[in-house]
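Good morning, and thank you for making time for this presentation. I would ask you to keep the sequence and the structure in view as I speak.

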Amino acid sequence: MIIENEFMKLEHTESSSPENSSPKIDYDVAIVGAGPVGLATALGLYQRGIENIIVLDQTRAFRQVGQTIGLLPNGMKALRYIHTQAHKNLTEEFKKSKNPLKEDPSKPKWTMRNVNGEKIPSPSKGLGEIFGKYGEHLGLIRWYDLQTQLRTLLPENLVKPNHRFVSVVAEPELQCVRADFVSNLGAKANPYSYWEDKQKKDRTNTGSLSQFPESEMTSIRAKLLIGADGINSTVRQSIYKDTPYSAYSKPEYSGFSGVQTEGIYRVPEALSQQIKEQFFDDAKTVIIYNFLTSETATINQEPTMKMVIWSYEPGEFEYLIDAIMPFESLAGKVGKELIDSLVLELKKANFPEIIQQLVALSPPENLANRPFYIHPVNMSAPDRAKWSIGRVVLVGDAAHGMPPVAGQGANQGMEDAAAIATLVNEINKQNQWDDTAAIEAAFNKYESLRRPIIEVAQQGSLGIRAFSSEWHEQFAEEIYGRNIAEIMQTLL
Ligand SMILES: Cc1cc2nc3c(=O)[nH]c(=O)nc-3n(C[C@H](O)[C@H](O)[C@H](O)COP(=O)(O)OP(=O)(O)OC[C@H]3O[C@@H](n4cnc5c(N)ncnc54)[C@H](O)[C@@H]3O)c2cc1C
């Protein structure tokens with residue numbers, strides 16, 4: 001506690017206020033980052049009558065970026081609790097859309113194989129059944145589409161692009177924090193926030209220094225600041241600076257990397273035929289684990305590489321690879337060098353020649369390659385980097401980013417948003433905006449509630465497990481089976 005206060009004072013004395021800043025407190029809550037978690041938090045506050053809020057994002061314009069995200073039962077339950085209309089809209093969209101999470105389990109469009117093409121027993125239940133029993137409609141949605149769905153439910157003036165957060169200082173005498181942002185600056189790529197396609201030129205890039213020669217610094221004051229700026233969070237770096245947590249400012253490599261291609265077209269017929277016969281049968285999707293025999297999949301042995309291949313049109317394939325590998329294997333590689341390294345990794349993981357040949361045909365411009373990072377939460381108490389300091393709190397990937405292998409990053413972030421909305425609502429109801437101790441206590445409660453389940457989710461995201469494994473059933477029960485609305489009541 002003393003460290004935190006000293007830290008905040010230190011930050012305060014080291015920073016100078018920008019000229020002409022007025023001591024007026026602009027907002028009750030300022031949120032940095034208009035990703036799914038920042039926006040869900042804003043919606044939760046707004047629905048509870050906390051309307052003097054702002055969401056500020058570094059992007060120069062909201063634009064089509066990002067990976068596909070699976071919203072799963074816990075995330076949907078949290079969203080139902082956060083904002084009725086957001087939940088309703090997404091549920092409607094998922095009901096209408098064709099997506100693999102709701103296929104009829106009696107007619108599977110997917111199959112699971114080992115590297116020799118032998119069938120791995122599919123889960124006793126279909127995906128629909130695995131998820132369906134938790135009572136939510138689930139679906140896949142592009143990051144940008146999710147952002148748009150959530151963003152457009154808030155009044156337009158509450159979400160502003162072109163504000164890159166740079167630092168925060170405590171202003172105890174005013175019972176607030178001051179956060180500084182730069183605008184009109186060429187966007188600095190945030191390497192870990194979402195699946196950027198580094199191979200392609202970004203046609204809608206957010207600007208360059210020459211285009212926007214005059215960068216501006218703006219400052220805002222708020223009672224609370226929520227850092228929802230993703231895994232490479234600058235808010236995190238700012239509040240951990242010069243504290244014992246400074247070593248945890250940046251995420252670590254998780255040991256996992258992912259590679260995805262949007263499409264390989266005109267695959268020679270003979271190769272296409274061979275792959276279909278050996279791995280697909282009549283399915284449209286195959287998940288290949290690098291087990292050598294089919295039995296090992298059922299005894300919870302962990303593979304090191306998983307490859308999902310889709311083929312909806314003759315001669316056309318898409319794939320996604322998740323693999324445990326050293327950082328250097330693929331990091332920073334592009335074009336032919338990346339493809340050659342990927343083929344080598346497939347070979348090392350015992351993937352057969354025909355799959356290596358398929359990957360060798362990947363058009364480099366359709367490839368996205370990224371190492372996955374993590375902010376591990378499983379460290380013991382004295383070393384544990386807290387998720388809040390004073391009036392600043394971290395949510396989503398900024399607090400506990402993890403690899404996407406278990407599909408939990410955004411879903412866990414929705415639960416954070418539900419918890420923060422509940423606690424800030426209470427601060428508002430009790431009129432405790434000027435009560436630093438009450439605010440710190442609320443943020444500590446948030447962390448105590450969320451940390452144990454994040455540990456489970458992170459552990460799940462650090463291994464490749466077949467859907468058929470017992471492990472998966474236990475994980476599903478533990479993560480999806482909880483009653484989120486009831487859990488939130490325990491915060492009161
Ligand atoms: C390939 C892949 C697949 C995934 N699949 C799933 C899945 O199936 N299910 C799931 O739950 N999760 C999945 N995830 C994880 C999920 O995308 C993240 O957990 C989620 O996006 C985190 O949300 P967030 O709002 O915390 O951060 P982000 O989505 O990273 O958003 C952060 C926002 O902050 C902004 N920002 C960053 N820095 C600043 C700054 N300095 N100033 C102002 N703004 C800033 C960014 O522009 C961005 O808009 C996947 C991730 C990847 C990479």
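This is a predicted model: local features need pLDDT of at least 70, side-chain atom pairs count only at pLDDT 80 or more; totals for chains, interfaces and linings use all residues.

Let me begin with a pair of helices. In α3, the residues M76, L79, R80 and I82 meet A86, H87 and L90 of α4. By class, this contact of α3 with α4 comprises 5 nonpolar residues, 1 polar and 1 charged. Helix α3 covers residues 73–82 and helix α4 covers residues 84–96; their axes come within 6 Å and cross at roughly 140 degrees. As for handedness, the crossing in which α3 passes α4 is left-handed.

The protein has 492 residues, of which 42% count as buried. Its secondary structure consists of 15 helices and 16 strands. Among the contacts with a separation of 6 or more, 79% are between residues 24 or more positions apart.

I turn now to a second pair of helices, α2 and α6. Helix α6 spans residues 143–151, and its axis comes within 9 Å of that of α2, the two crossing at roughly 15 degrees. Angles under 35 degrees count as roughly parallel, and α2 and α6 are therefore roughly parallel to each other. The crossing of α2 past α6 is left-handed. On the α2 side, the contact is made by P36, L39, A40 and L43; on the α6 side, by L146, Q147, L150 and R151. These residues divide into 6 nonpolar, 1 polar and 1 charged.

From α12, the residues Q412, E415, D416, A419, I420, L423, E426 and I427 take part; from α13, they meet A438, I439, A442, K445, Y446, L449, R450, I454 and A457. The contact of α12 with α13 has 11 nonpolar residues, 1 polar and 5 charged.

Helix α12 leads us to the ligand. How many residues surround the ligand, and which are the closest? There are 37, and the closest are G33, G35, G230, G396 and G409. Two or more residues of this shell come from each of the elements α2 (36–47), β3 (68–71), β7 (164–171), α11 (397–400) and α12 (409–429). The largest share, 4 residues, is given by α12. By class, the shell consists of 14 nonpolar, 19 polar and 4 charged residues.

Let me next consider two individual positions. L140 belongs to strand β5, which comprises residues 139–142. Its C-alpha atom is separated by 4.4 Å from that of G70, although L140 and G70 are 70 residues apart along the chain. L140 counts as partly exposed because it has 17 C-beta neighbours inside 10 Å. The other position is I355, in helix α10, residues 353–360. Is I355 buried or exposed? A residue is buried if 20 or more other C-beta atoms lie within 10 Å of its own; I355 has 24 such neighbours and therefore counts as buried.

Finally, I draw your attention to the backbone. Most residues other than glycine have a negative phi. Which value does D242 adopt? Its phi is near 60 degrees, a positive value in a residue other than glycine. D242 lies in the loop between α7 (234–240) and β10 (252–264). With 11 other C-beta atoms within 10 Å, D242 is exposed. R266, likewise not a glycine, has a positive phi of about 50 degrees. R266 is situated in the loop between β10 and α8 (269–280). Where 12 or fewer other C-beta atoms lie within 10 Å, a residue is exposed; R266 has 9 and is therefore exposed.

That concludes my presentation. Thank you for your attention.

Terms used. Residues are numbered from 1 along each chain as its sequence is written. A residue is near a molecule or strand if its C-beta atom, placed from the backbone, lies within 6 Å of it. Ala, Val, Leu, Ile, Met, Phe, Trp, Tyr, Cys and Pro count as nonpolar, Asp, Glu, Lys and Arg as charged, and the others, Gly among them, as polar. Two residues are in contact if their C-beta atoms, placed from the backbone, lie within 7 Å. Axes are lines fitted to C-alpha atoms, for helices over the stretch in contact, and angles run from 0 to 180 degrees between N-to-C directions. Angles under 35 degrees count as roughly parallel, over 145 as roughly antiparallel, 65 to 115 as roughly perpendicular and the rest as oblique. A crossing is left-handed if the near helix is turned anticlockwise from the far one by less than a right angle, and right-handed if clockwise.
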